[in-house]
Amino acid sequence: MNFGNLLKDLRIRRHLTLRACSGALGVDPSNWSKLERGINPAPRDPATLEQWASFLKVEGHQKQAFYDAAALSRQEIPADLANDEKLLAALPAFFRAVRGKELDEGKLQQFVDDIRKLHSTDKKK
C-alpha cells in the first residue's frame, strides 16, 4: 500500500472526514487530499510524521510500515536501510532481478542469504 492510500485508510478507520483530519493536524485540506492521492510526497520532517502517526493511532509494526511508505513516497530508501552497507551492496543485484535481467544461481543465493542475515536475530549467521 502506498503512503497516500495508507493515510486515507487510517483516516477512514478513525471515522474522520478529510477536512476534520487535516484541520486537526494543521494541514490545508487541499494539500492533505494531494497526499492521499499520491500527488504530493510525505513530509521529510520526522516530528511531523510522528505527530501524524500518533494522531492516526499507528502503532507497532504498522508504524514502521507508515515511515517506510512515507520514505518511498519521496522516492527514498528508508534511512535505517540506506545506512546499511551490506544491503546497499546487494541492491544492484536486486535491481537487475527486478528489471528482468537474469542472475546466476550463485549471485541470487548470495542476495537471498544477505537479506536473511539482515533480518536475523542471530548475529552469528
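Ring pairs join Phe 3, Phe 66 and Tyr 67 into a cluster; rings of Phe, Tyr and Trp (its six-membered ring) pair if their centres lie within 6.5 Å. The model is predicted, local features need pLDDT of at least 70, side-chain atom pairs count only at pLDDT 80 or more, and totals for chains, interfaces and linings use all residues. Residues are numbered from 1 along each chain as its sequence is written, and side-chain values use heavy atoms, with hydrogens and water left out.

The structure holds 3 aromatic pairs. In one of them, Phe 3 and Phe 66 lie 5.3 Å apart, centre to centre, with 55 degrees between the planes, a tilted arrangement (planes under 30 degrees apart count as stacked, over 60 as edge-to-face and the rest as tilted). Because Phe 3 belongs to helix H1 (residues 3-13) and Phe 66 to helix H5, the pair ties together parts that are 63 residues apart in sequence. Helices are DSSP runs of H or I, at least four residues, numbered from the N terminus. Phe 3 is buried at 2% relative accessibility, and Phe 66 is buried at 0%; buried means under 20% relative accessible area, with a 1.4 Å probe and protein chains only.

Arg 74 lies in the loop between helix H5 (61-73) and helix H6 (79-82). With 17% relative accessibility, Arg 74 also counts as buried. Leaving aside neighbours within four places in sequence, Arg 74 is in contact (heavy atoms within 4.5 Å) with Pro 41, Ala 42, Pro 43, Arg 44 and Leu 49.

Conventions
Helix = DSSP H or I, 4+ residues; strand = E, 2+ residues; numbered from the N terminus. Buried < 20%, exposed > 50% of the residue type's maximum accessible area, 1.4 Å probe, protein only.
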